[in-house]
Amino acid sequence: MEQNSSPKNPLKTAQKKSLKNSQETDRKKFWSWVWLLGGTAYFTIPLIASFDFSLRAEKNVLGFKAYASVFQDPNFWGSFTFSLGAAIATIFLSWLLIVPTTYWVQLRLPKLRPWMELVTLLPFVIPAVVLVFGLIRTYSTTLLNTRQGGWVLLTAGYVVLSFPYMYRAIDTGMRAIDVRTLTEAAQSLGASWPLIVVRVIFPNLKVALLNGAFLTFAIVMGEFTIASLLAQPAFGPYMTLLSSSKVYEPAAIALISFALTWGAIGIVQVLGDQVQRGKPKPLADPR
Amino acid sequence: MGILRVTVVDSRPLMVKPNEPGGRSPFRFSWDWLGVLPFFGFAVAFLLIPATSIVIRSFQDNAGSFTFQNILDLRQQSILAAYSVSIRLSLMTAIVGGLFGFLMAYAITVGDAPKWVRSLLLTFSGVASNFAGVPLAFAFIATLGRLGMVSGWLKALGWDIYAQGFNLYTFWGLSFTYLYFQMPLMVLIITPALDGLKREWREASESLGATTFEYWRYVALPILMPSLLGTMILLFGNAFGAYATAYALTGGRINLVSILIGAQISGDALQNPGLGNALALGMVAVMAVSIAAYTWLQQRTSRWIG
């Protein structure tokens, strides 16, 4: 982009400049590729190594035995569906808590907005290991003594972890639509508050909601800290257990997990692109 | 998992924007407040009460009366060592990850790498910054563990890294592994800042006769400095709070604050509940300072770039 020197410059300087600039551009290009190739090597080699390792479950043959044994393990499916259930519960609860609140704050209580930002920022300040510590200490004699207590705390912890992502996605989405006009239009047609939220606000936020949902999904499926310290049979703890008894399967499961993350984040990315296309001018950066 | 995740949704994660005025005056008593009760109630029950309980219990002895002893007990050799290792690990990976993340972000912005490289790197960064914990540890065991692929290659080349004292399950191995989510996080956050460097600034400094070095030294870096520092602080906090990766990689055999808290939860490893609370409080304090510094720096950045 440095080649576009200003046309107002005298011709001579422009020529000199373009020569200097083209050398500079070459150097810049060279170093850019050096850093990019270095990064590519660092990022891909562990994945290749995992793949290579995962194929060696049978002596002297490369094969997918490790994957087969993972997929045949009932504990794999058990913990996978457990985490899937927790993810779905987390997503719905997070939606239900954040969408109406963000809507209400935007419409009626703008003064509360900084508080909303603060609360949804707190999970960044309080690491998961500290959060679960506080949860266990607070509820050890009450909730944790009930049969479903551990599961409830796990989901609650995940909802808290999802706050920053969910809130940001929904807040951005809600600023993009004209909440006030939509609400007034719905009201003048005689809609009740719950109807407005469910039938008007939710559908208009589809992309933002899905964005937050897939991010939350990616977080919950791989989560280890909270699940393991609450002794829940989730996917994260299952993976560590596997590594204590198996050699090649962990590598296979690392790749399966990577593919899952890639899928979820890929969807977020595609959704983001769609939003950008719909907007006349991107508000933030054109990622 | 204890790590921050920033993805492709919004480039300015923690920035507080001035809100639009509007709505009715909240000073009049109304039932409007009821509408936000579920959210704030949930946050109080599962975030604020647990957090404050840690603070309160840090200053209580086993009988429940006020004491400073727990905080003073943090001066034990092993606990100080844990804080020291955690801080060094986080600093190291924040600086190294920040540097290389910056260079890669430079390549896809100022460096004019092709568009597909840019979008590939950004998507990958979104994934990799979320790819931490157990699977990441497995991937690095398959790479640099005793039987790992790269260890094998190096051995074949006559360089047995394990014979020379390298071990994936120690400080250096952990640092190297953390970079896998630290660098992408840097790329994600710093790319918008680099995009915000205006061409006019470059042209202005060139027409005043500045060399590339001078442009970076006196124009670009000073403008970028708050976001560079801020992002590195974020990376610091990201590594400092991480538990899953360290646990999965070392089986809990490394002395980090997060690992110590985990051990305290699963079996009162410190044999003193109050001390466990103080430990967690110390961790929150470090995180709070770093996030506050980040937010402050972020606001400074937005004066120039935004």
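A residue is called buried if 20 or more other C-beta atoms lie within 10 Å of its own, exposed if 12 or fewer do, and partly exposed in between, with the C-beta atoms placed from the backbone. The structure is a predicted model, in which local features need pLDDT of at least 70 and side-chain atom pairs count only at pLDDT 80 or more, while totals for chains, interfaces and linings use all residues. Residues are numbered from 1 along each chain as its sequence is written, and chains are lettered from A and ligands numbered from 1 in the order in which they are written.

**Exercise 1. A residue in chain A**

Task: Decide whether A:Val152 counts as buried, partly exposed or exposed, and state in which helix A:Val152 lies.

Solution: Begin with the helix, where helices (H or I, at least four residues) and strands (E, at least two) are DSSP runs numbered from the N terminus. A:Val152 belongs to helix α6 of chain A, which covers residues 149-176. Next comes the neighbour count: A:Val152 has 17 C-beta neighbours inside 10 Å and therefore counts as partly exposed. Finally, A:Ala86 stands 66 residues away from A:Val152 along the chain, and the C-alpha atoms of the two are 9.4 Å apart.

**Exercise 2. The make-up of chain B**

Task: State how many helices and strands chain B has, and what percentage of its residues count as buried.

Solution: The count for chain B is 12 helices and zero strands, and its pattern along the sequence reads α-α-α-α-α-α-α-α-α-α-α-α. Chain B contains 306 residues, of which 48% count as buried. For the next step, two residues are in contact if their C-beta atoms, placed from the backbone, lie within 7 Å. Among the contacts in chain B with a separation of 6 or more, 77% come from residues 24 or more positions apart.

**Exercise 3. Two helix pairs in chain B**

Task: Describe how α9(B) packs against α3(B) and against α7(B).

Solution: Two packed helices are described by the angle between their axes and the distance between the axes. The axes are lines fitted to C-alpha atoms, for helices over the stretch in contact, and the angles run from 0 to 180 degrees between N-to-C directions. Angles under 35 degrees count as roughly parallel, over 145 as roughly antiparallel, 65 to 115 as roughly perpendicular and the rest as oblique.

For the pair of α3(B) (residues 77-108) and α9(B) (residues 212-241), the axes come within 8 Å and cross at roughly 135°, and the two helices are therefore oblique to each other. Residues that make this contact include B:Leu89 and B:Phe102 of α3(B) and B:Leu228 and B:Phe236 of α9(B). To sort them by class, Ala, Val, Leu, Ile, Met, Phe, Trp, Tyr, Cys and Pro count as nonpolar, Asp, Glu, Lys and Arg as charged, and the others, Gly among them, as polar. The contact of α3(B) with α9(B) then holds 11 nonpolar, six polar and no charged residues.

For the pair of α7(B) (residues 171-195) and α9(B), the axes lie 10 Å apart at an angle of about 150°, which makes α7(B) roughly antiparallel to α9(B). This contact includes B:Tyr178 and B:Ile189 of α7(B) together with B:Leu224 and B:Asn238 of α9(B), and its residues divide into 11 nonpolar, four polar and no charged.

**Exercise 4. A helix pair in chain A**

Task: Give the angle and the residue classes for the packing of α3(A) with α9(A).

Solution: The axes of α3(A) (residues 74-107) and α9(A) (residues 206-222) come within 9 Å and cross at roughly 145°. Among the residues that meet are A:Ala86 and A:Trp95 in α3(A) and A:Leu209 and A:Phe217 in α9(A). By class, this contact has nine nonpolar, five polar and no charged residues.

**Exercise 5. Domains and chains**

Task: Locate the domains of each chain, and describe the side of chain B that touches chain A.

Solution: The domain bounds come from an automatic or database domain assignment. In chain B, domain 1 spans 34-67 and domain 2 spans 74-304, with C-alpha centres 30 Å apart; seven residues of domain 1 are in contact with six of domain 2. In chain A, domain 1 spans 11-54 and domain 2 spans 66-278, with C-alpha centres 37 Å apart; here five residues of domain 1 are in contact with eight of domain 2.

Between the chains, 83 residues of chain B are in contact with 86 residues of chain A. Helix α1 of chain B (residues 37-58) gives the most to the side of chain B that touches chain A, with 12 residues, and that side has 53 nonpolar, 20 polar and 10 charged residues.
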